[in-house]
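Dear colleague,

I am handing over the structure below, together with notes on what was found in it. Please read them with the model open beside you.

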Amino acid sequence: MRRAMMSDIEELVSQYIAVWNETDPAARRAGVARVWDAEGYYTDPLAAVEGHDAIDAMIAAVQAQFPGFAFRLAGTVDAHHDVARFGWRLGPRGDAESVMDGFDVVTLTEDGRIRHVYGFLDKVPTA
């Protein structure tokens with residue numbers, strides 16, 4: 001298996017965050033196809049989806065639930081072999097306090113795309 005270089009992984013994570021923030025449906029769908037493997041999947045405490053269509057629909061649902069909010073990287077990307085982890089925050093665009101924080105662990109395919117995301121939530125909105 002090809003080992004991804006750290007700079008490649010950091011760029012992939014940057015693109016991954018950008019896909020979560022892309023509100024144009026066609027551009028978001030293209031981003032999902034660019035970042036995820038066709039058989040990629042995403043799992044967190046609130047969702048478990050597989051494939052580009054389901055991943056795109058999940059991102060659209062999160063955007064609908066948090067209109068005007070954006071994801072941003074929290075800290076640095078830590079990676080070895082073809083696995084990476086990184087923290088993120090979701091909140092109003094700009095420097096406002098986040099309403100949700102978490103971290104993701106991603107595994108990569110041989111061609112450097114995301115195979116699986118394991119998401120963990122550290123801070124969630126209260127009812």
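Leaving out neighbours within four places in sequence, F69 is in contact (heavy atoms within 4.5 Å) with L90, G91, P92, R93 and V99. This is a predicted model, in which local features need pLDDT of at least 70 and side-chain atom pairs count only at pLDDT 80 or more, whereas totals for chains, interfaces and linings use all residues. Residues are numbered from 1 along each chain as its sequence is written, and side-chain values use heavy atoms, with hydrogens and water left out.

F69 belongs to strand 3; helices (H or I, at least four residues) and strands (E, at least two) are DSSP runs, numbered from the N terminus. The C-alpha atoms of F69 and R93 lie 5.3 Å apart although 24 residues separate the two in sequence, and P92 in strand 4 is the bridge partner of F69. With a relative accessibility of 25%, F69 counts as partly exposed, a class that lies between buried (under 20% relative accessible area) and exposed (over 50%), using a 1.4 Å probe and protein chains only.

Strand 3 (residues 69–80) and strand 4 (residues 83–92) run antiparallel and are joined by nine bridges, where two strands pair if DSSP finds at least two bridges between them. Two residues lie between the strands of this hairpin, and H81 takes a positive phi near 50° there.

Strand 5 (residues 100–108) pairs with strand 6 (residues 114–123) in the antiparallel sense over eight bridges, and D101 has K123 of strand 6 as its bridge partner.

Helix 3 (residues 52–65) contains D56, which is buried at a relative accessible area of 14%. Not counting residues up to four places away in sequence, D56 touches R28, R29 and V32.

With regards
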